[in-house]
Amino acid sequence: MTLQDAFMAQAEACIRLDSPFMGQLLGILAQDWPAESALGQKFAAFTGDIGPSGHSLPLRIAGGLHALVLNNASADLKAVYPPAQTTDKALRSAVLDALKTHEAFLISWCDSPPQTNEVRRSAALIAGARVAVQHFNLPVCLSELGASGGLNMMWDHYAIELEGRRIGSPMPAVILTPKWQGPLPPDVPALIAQRAGVDLNPLDPKRADHLLRLTAYLWADQPDRLAMTRSAASVVDAPIAKADAIDWLTPRLHSTPQGQLHLIQHTVAWQYFPKEVQARGRAVIEAAGASATPNRPLAWLSMESDGDTTGKLGAALTLRLWPGDLRIDLGRADFHGRWINWNYAV
């Protein structure tokens, strides 16, 4: 895949995910990328998959440009970013100028891969956790793999609004309104007794520079996502370890107290683990499940791609429960949590 192909593939994906501005921006970068600049040479030095499933170079530079806007570092760029409506000509001029004027910042920014916490995925987690608690009526010991900034570990501070009914926290920091199809989730609240997460590059949303990174990768014409992320960041209080996910999880599984349901969760993270890590993780979790008891059960809740490359079918929502290794197909969800097709009936 050439860099131009990567820009266009990402542009099309963003348009499918309701961001016409990102489609416009990435289309301009595909046509007018400054290949001979220092930034262009940096991108040219990347090997392997540079597209959305790999190094995600288009999202890296788009995030860097958005950071300049959010940081008020470029008045000219901010003037052509949403909520403003702009022509291709005006946007092209401002973007090319920013690539040149702020090249040092953008080169540094693009050292790290994109990192977001899509808060809307918590709707699926709230619903899935209720199914687990319905089977084992115990407080939850929550572990998140690929936790990033920890926003989706805080789902007990959020609520889903469905058919005029609010499900979740009575005083939510975030209200989620996915397009819901299917039965409503179980009317069984989940109480989190303890929570922690792990990430290879964890972010602390209480730090301004880390929050900037989380918000810069959100798309400028989707201000609701920006508002939700900032609201969710205000309630984060969970530790996130910097470590290999399975190395961290293994001892934690063995230290779960009696009388707690250990719930492992991850959303669009497992699919990026190397195959060896996936195999090791599956073996560790299944071994822990084999020794689970009714007073110390285990649940594995995931929202991950199962092969759909178009994004139209979304991610598979699955839940495994031990003892007994019960496997439940909960349904499917949009990768950004815009819709959920729910299968599970009480």
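**Exercises: loop residues**

Ser148 sits in the loop between strand S1 (140-145) and strand S2 (158-162). Strands are DSSP E runs of at least two residues and helices are H or I runs of at least four, numbered from the N terminus. This is a predicted model, where local features need pLDDT of at least 70, side-chain atom pairs count only at pLDDT 80 or more, and totals for chains, interfaces and linings use all residues. Residues are numbered from 1 along each chain as its sequence is written, and side-chain values use heavy atoms, without hydrogens and water.

**Exercise 1.** Classify Ser148 and Asn72 as buried or exposed.

*Solution.* 
- Take the cut-offs: buried is under 20% relative accessible area, exposed over 50%, partly exposed in between (1.4 Å probe, protein chains only).
- Ser148 has 3% relative accessibility, so Ser148 is buried.
- Asn72 has a relative accessible area of 53%, so Asn72 is exposed.
- Now check the backbone. Phi of Ser148 is positive, near 55 degrees. Asn72 is not a glycine, yet has a positive phi of about 55 degrees.

**Exercise 2.** Locate the cis peptide bond that ends at Pro83.

*Solution.* 
- The bond runs from Pro82 to Pro83, with omega near 15 degrees.
- Pro83 lies in the loop between helix H5 (75-79) and helix H6 (88-101).

**Exercise 3.** Describe the setting of Gln260.

*Solution.* 
- List contacts (heavy atoms within 4.5 Å). Among them are Leu138, Cys141 and Arg296.
- Find the side-chain partner: the side chain of Gln260 makes a polar contact with the side chain of Gln194 (3.1 Å). A polar contact is a pair of N or O atoms within 3.5 Å; within protein, one must be able to donate a hydrogen and the other to accept it, and residues adjacent in sequence count only if both atoms are side-chain atoms.

Methods
Lists of a residue's contacts leave out its neighbours within four places in sequence.
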